Amino acid sequence: MIKARVTVTLKNGVLDPQGKAIEGALGALGFDGVGQIRQGKVFDLELAGEDKAKAESDLKAMCEKLLANTVIENYTISIA
């Protein structure tokens, strides 16, 4: 069994209204000096098998087809 984590974030230059809302809310709660918040998504997956190269290839395909909108999002893959 291979465990992996895929992190998806918005590309630089893409408006992040949820990040801005979080930034404003933290300021309203008294957390001064917090800025440039960008929100994202994290996917933890378990893949059958032991072939890490195949797992990485499959994960890239998953990201390209479903997990990330590659027009506006970047993704990173880490395999444990």
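These notebook entries record what I looked up in the structure.

**Basis.** I worked from a predicted model, in which local features need pLDDT of at least 70 and side-chain atom pairs count only at pLDDT 80 or more, while totals for chains, interfaces and linings use all residues. Residues are numbered from 1 along each chain as its sequence is written, and side-chain values use heavy atoms, without hydrogens and water.

**Overall form.** I noted 2 helices and 3 strands, in the order β-α-β-α-β from the N terminus. Helices (H or I, at least four residues) and strands (E, at least two) are DSSP runs, numbered from the N terminus. The radius of gyration is 16 Å, well over the 12 Å that the globule rule gives for 80 residues, so the protein is more spread out than a compact globule. This radius is taken over C-alpha atoms, and the rule is 2.2 Å times the number of residues to the power 0.38. I also recorded that the C-alpha atoms fill a box of roughly 50 × 25 × 15 Å along the principal axes.

**Glu-73.** I found Glu-73 in strand 3 (residues 73-79). Is Glu-73 buried or exposed? Its relative accessible area is 12%, so Glu-73 is buried (buried is under 20%, exposed over 50%, partly exposed in between, with a 1.4 Å probe and protein chains only). A polar atom of the Glu-73 side chain lies 2.7 Å from the backbone nitrogen of Asn-69.

**Val-34.** I located Val-34 in the loop between helix 1 (17-28) and strand 2 (40-47). Val-34 is partly exposed, at a relative accessible area of 37%.

Conventions: Polar contact = N/O pair within 3.5 Å; in protein donor to acceptor, adjacent residues only side chain to side chain.
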